[in-house]
Amino acid sequence: MLTRLGRRGLLAIYALLILVPLAVMVFSSFKTSGEMYQNPLALPGALQTENYATLFDEQSMGRYFLNSATVTLFSVGCSLFFATLISFAILRLPGWKGLLVYGLFAVGMTVPAQVNMIPLYALVLDLGLTNSLLGLILVNIAVTLPVAVFIIAGFMKTLPRELIEAGAMDGASEWVMYRRIVLPLSLPSIAATAIFLFVMIWNDLLYPLLLTNNPDVKTLPLALLEFQGEYMTNYPVLFAGVLIASAPMILAYILLQRHFVSGMTAGAIKG
Amino acid sequence: MNRFVHKTTLSALAASLLLTVGCSSSSETTADGKVKINFLHWRGEDSDVFKELIAKFEAENQTIDVEMSVMPSEQYQSTAQTKLADGQSGDVFTSFPGAQFETIAKANLFADLTNESFVTNYEPNLIKAGQKDGKQFALPLQLVYNQPVYNVELFNKYNLTPPTDWEGFLKVCETLKANGITPIAFPGADVGPGQFMNSMLMNNAPNEDVFTKLEAGDAKLTDAWWTKTLSQFKELNDKGYIQKDSLGTKQDAAVAYFAQGKAAMLATGSYAMASAKKQNAELKLGLLAPITVSAADKKWDGIHTTTFMLAVNSKSQHQTEAKKFIDFLSRKDNAEVYANKTSQHVTVKGVNYTSPELKDTISWTQKNTRFQPRFLIQSGDVQKAVTSSIQDVLSGTAPEEAAAKAQKLVEQKLKK
Amino acid sequence: MKPSKWIYLFLLPGLLLYGVFFVYPSLSALFYSFTDWDGLSPDFNLIGFENYTRMITDDTVFQTSLVNNLKFMAVVVVLQTGFSLLFALLLLKNTRTNRFFRSLFFFPTVLSSISVAFIGAFLYDPTLGLLNNLFDRVGLGFLSQNWIGDPKIAIYSVALMQVWAHTGQMLVLFLAGLNSIPREMFEAAAVEGASRWQTFRYVTWPLLAPATTIVIAYTTIQSFKAFDLIYAMTRGGPNYATEILSTFLYHSAFQNYEFGYASAGSVLFMLVIALVTFLQFRALRSRKVTY
């Protein structure tokens with residue numbers, strides 16, 4: 001279908017489409033505003049490292065980073081855990097019951113966040129969970145469960161029935177079937193969901209903004225928001241921040257990559 | 001999978017850890033008996049200056065801590081407004097004049113500031129936007145001129161002066177164009193229509209309540225005052241006085257274009273002077289307004305807005321401290337620091353401007369300027385219909401047709 | 001095989017959190033859709049279905065935003081699914097170059113919408129932007145467009161940025177899907193002497209059905225919820241050309257102060273997505289394969 005050159009060419013073009021803007025962002029983070037607008041593609045004249053310095057000495061970047069890391073890791077961890085439990089239950093529940101649970105979570109994906117925001121705020125306030133990392137984590141879990149269940153249950157459905165039935169026949173408990181049979185086989189979809197949730201939560205602006213005021217519990221995206229003004233956005237400093245904030249997500253991708261790429265089902269049906 | 005066992009135990013441990021983190025930060029009285037107030041606004045560009053002022057305030061008021069929350073206007077309209085309702089955020093907050101002010105007042109979220117001493121620090125005729133039913137609910141701090149900024153040196157180069165009538169304005173544009181300079185840089189994709197419409201409209205509809213009439217159904221967009229304005233937009237566009245494809249140009253690009261000397265006028269407002277100078281410190285800037293009628297019929301010289309209205313949340317638990325902070329910001333010396341460091345005019349009396357562009361444009365306080373008409377439109381839908389009709393005309397639609405389309409949208413809104 | 005009663009315990013923690021922090025606020029919003037609440041004041045009136053009838057029959061902006069959203073969705077679903085599948089097939093082998101490409105292609109997903117909007121402006125600005133300047137430079141000046149300023153093509157330009165931002169994300173799902181197909185399937189096809197295209201059409205594509213379904217459904221829903229990018233790039237203009245349902249909801253709730261109306265909008269919004277997704281499922285269901 002596509003010649004080797006055609007394939008390489010296509011990959012190269014798309015790679016360029018990403019590398020060029022990335023280069024602009026990297027270069028701009030070392031320029032002044034004026035310099036950036038003059039010629040975005042040029043290499044910076046003198047390296048304006050104070051863009052990066054601004055981030056670190058005026059903001060409590062370390063604190064924001066730590067908060068983002070805490071919130072993201074716990075939210076993703078718990079959400080994945082609960083989602084796998086629910087997906088397994090959907091798999092096991094007979095007939096309409098499983099479908100109902102699946103539908104209940106899947107429909108959550110279609111709800112726009114803006115409108116839920118107002119009642120949610122009142123609820124979190126009443127529970128005394130504003131200005132706390134815990135509140136953010138609980139909300140994040142609830143909000144990402146629809147996507148997580150949708151993807152994980154969607155892939156779990158394709159696992160061969162015989163495996164689970166074999167387990168049940170051997171007298172294994174639900175927990176053991178979940179833990180030893182289904183979970184390992186679902187690793188690719190779990191890893192895929194993990195990277196989705198990681199990015200979603202790490203970059204999330206809405207819930208931290210809504211639910212926190214105290215600078216002690218603010219997350220990274222909030223720190224970067226300060227560089228966006230009413231009429232003027234300080235792009236050089238913003239990009240410095242964005243690049244730093246992107247690093248953990250790319251790192252997470254690189255780490256998780258081998259899991260959604262390794263073929264775990266190969267050979268599982270034999271015998 | 002070890003990973004999951006690991007995660008579950010971690011989560012359980014963390015949950016207990018977080019419960020402690022969770023509970024400690026929610027009270028507004030810190031451990032050492034200080035009161036913490038939250039200052040909520042949208043001016044990211046001013047954060048550094050505010051931080052400086054806050055440090056000074058905290059030094060003068062050892063028992064009060066000010067926590068600043070800044071969010072750009074998109075988030076401010078949604079998230080900040082949601083948080084105001086219960087008084088936990090925004091002990092001191094800011095409001096736009098017009099629809100936002102009216103809605104917040106209707107929800108009784110403004111504390112009454114009428115009898116506060118600091119109200120007298122302000123120019124009385126510049127704080128009307130924060131008044132309702134004879135009471136002062138908010139105090140606008142910023143004084144902005146929503147009319148084009150122009151490059152003084154480019155004008156001098158071609159012996160041009162700010163024109164006094166429509167023919168004069170067209171001639172200025174023609175001269176610039178003939179010399180290879182784009183006359184007007186217009187960010188049609190975002191703020192352009194909403195800003196430039198004001199000076200284009202002010203003399204075509206000299207009566208200040210035309211939009212109130214529109215929203216009451218007594219005036220129509222298809223009437224002469226608006227169709228004339230639209231056709232003048234079209235004229236500027238057809239003659240090539242607005243940069244090509246302006247509807248695809250956003251604010252940043254328009255400012256860059258202007259700052260690089262490729263355009264002589266920037267059709268936004270005085271707030272753009274700071275951004276332009278940040279990109280090109282050599283610029284000499286002034287303000288002008290297109291006079292869309294003959295010199296004899298001219299009533300208004302320009303457009304001003306008093307905005308960034310400081311207010312105290314009526315549900316706040318710390319109104320005394322909040323008022324102290326506003327009192328601090330209203331002091332002449334502090335307002336002066338704010339004005340000069342952020343390059344904006346303020347509404348506080350007796351302020352001495354030291355930055356060049358502020359000094360050059362101070363003469364505008366003496367001219368006959370009108371309060372920004374766009375802010376007098378109460379409904380977001382109507383405002384959008386109005387600015388969209390400008391975009392419509394700039395993409396080639398005939399003025400009468402664009403006005404009719406917009407009027408239809410207005411009537412849909414009025415039906416409710 | 002009937003599960004033991006313990007299975008309900010599996011549902012408990014997730015359902016609890018979901019119920020409290022998601023379902024409950026959603027139901028509150030549903031309630032408000034029957035009122036004229038402005039989102040701030042303590043009082044409001046119950047007005048029945050008035051919000052719904054007004055939106056469907058009288059609100060041309062709602063209708064425009066629905067049409068725009070469908071156009072946007074169509075372009076995004078086709079291009080995003082197509083490209084991410086193609087890239088997944090090209091980058092399937094676990095070589096070092098492939099791993100690099102996969103990470104690179106994922107990069108746009110980690111950018112916040114303000115960065116993507118900046119890049120959009122960098123590419124699309126009519127005078128200073130890269131695309132038009134590039135076309136002029138190589139003599140293809142006639143290809144220059146007013147990318148986000150021309151009401152006729154603005155929605156498509158924005159759709160392309162959405163595809164750029166999320167193809168790398170869908171790539172992940174297709175990779176996971178491709179890797180769930182047992183090796184024996186490919187080996188058997190090779191033994192039978194199947195060509196590349198035949199292997200794809202008769203082995204890969206059918207067995208990829210679950211992943212494809214998930215990608216299409218997710219992309220569809222994502223394209224309906226795309227608020228940040230569109231707002232940052234065009235604010236719904238010019239002249240409502242890029243106004244989609246989510247920007248329409250935002251304007252109603254927070255700039256018009258008609259929260260009740262916006263809530264009704266979000267219910268209609270959900271119904272539209274549900275309908276579109278249901279139609280897609282029907283079209284794809286015939287391809288489900290179990291083995």
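Predicted model: local features only at pLDDT ≥ 70, side-chain atom pairs only at ≥ 80, totals over all residues.

Student: At roughly what angle do the axes of H7 and H10 of chain A cross?

Tutor: Helices (H or I, at least four residues) and strands (E, at least two) are DSSP runs, numbered from the N terminus. Axes are lines fitted to C-alpha atoms, for helices over the stretch in contact, and angles run from 0 to 180 degrees between N-to-C directions. The axes of H7(A), residues 133-156, and H10(A), residues 187-202, cross at roughly 155° and come within 10 Å. That makes the two helices, H7(A) and H10(A), roughly antiparallel; angles under 35 degrees count as roughly parallel, over 145 as roughly antiparallel, 65 to 115 as roughly perpendicular and the rest as oblique.

Student: Which residues of H7(A) meet H10(A)?

Tutor: Two residues are in contact if their C-beta atoms, placed from the backbone, lie within 7 Å. On H7(A), the residues include Asn140(A), Thr144(A), Val147(A), Ala148(A) and Ile151(A); their partners on H10(A) include Ile190(A), Thr193(A), Phe196(A) and Leu197(A). By class, this contact of H7(A) with H10(A) has eleven nonpolar, four polar and no charged residues. For the classes, Ala, Val, Leu, Ile, Met, Phe, Trp, Tyr, Cys and Pro count as nonpolar, Asp, Glu, Lys and Arg as charged, and the others, Gly among them, as polar.

Student: How many helices does chain A have?

Tutor: Chain A has 13 helices and zero strands. Its C-alpha trace spans about 70 × 60 × 30 Å along the principal axes. Of the contacts in chain A with a separation of 6 or more, 74% are between residues 24 or more positions apart.

Student: Now a pair in chain C: at roughly what angle do H8(C) and H9(C) cross?

Tutor: The axes of H8(C), residues 183-192, and H9(C) cross at roughly 165° and come within 10 Å. That makes H8(C) roughly antiparallel to H9(C). H8(C) passes H9(C) in a right-handed crossing. Met185(C), Phe186(C) and Ala189(C) from H8(C) meet Thr199(C), Val203(C) and Leu207(C) from H9(C). This contact has five nonpolar, one polar and no charged residues.

Student: How many residues of chain C are in contact with chain A?

Tutor: There are 68 residues of chain C in contact with 73 residues of chain A. H1(C) gives the largest share of the chain C side, 14 residues. That side of chain C divides into 46 nonpolar, 16 polar and six charged residues.

Student: Which helix supplies the largest share of the side of chain C that touches chain B?

Tutor: The contact between these chains takes 33 residues from chain C and 37 residues from chain B. H12(C) supplies the largest share of the chain C side, four residues. By class, that side of chain C has 15 nonpolar, eleven polar and seven charged residues.

Student: Is H12(C) mostly covered or uncovered?

Tutor: A residue is buried if 20 or more other C-beta atoms lie within 10 Å of its own, exposed if 12 or fewer, and partly exposed in between, with C-beta atoms placed from the backbone. H12(C) is mostly covered, with ten of its eleven residues buried. Among them are Phe248(C), Tyr250(C) and His251(C). Just after H12(C), Tyr257(C) takes a positive phi of about 55°.

Student: Why is Glu282(B) called exposed?

Tutor: Glu282(B) is exposed because it has 8 other C-beta atoms within 10 Å. You will find Glu282(B) in the loop between H11 (272-279) and E10 (285-287) of chain B.

Student: How far apart are the C-alpha centres of domain 1 and domain 2 of chain B?

Tutor: Domain bounds come from an automatic or database domain assignment. In chain B, domain 1 covers 29-144 + 305-358 and domain 2 covers 149-288 + 379-415. Their C-alpha centres lie 30 Å apart, and six residues of domain 1 are in contact with nine residues of domain 2.

Methods. Residues numbered from 1 in each chain as written. Chains lettered and ligands numbered in written order. Left-handed = near helix turned anticlockwise from the far one by under 90°.
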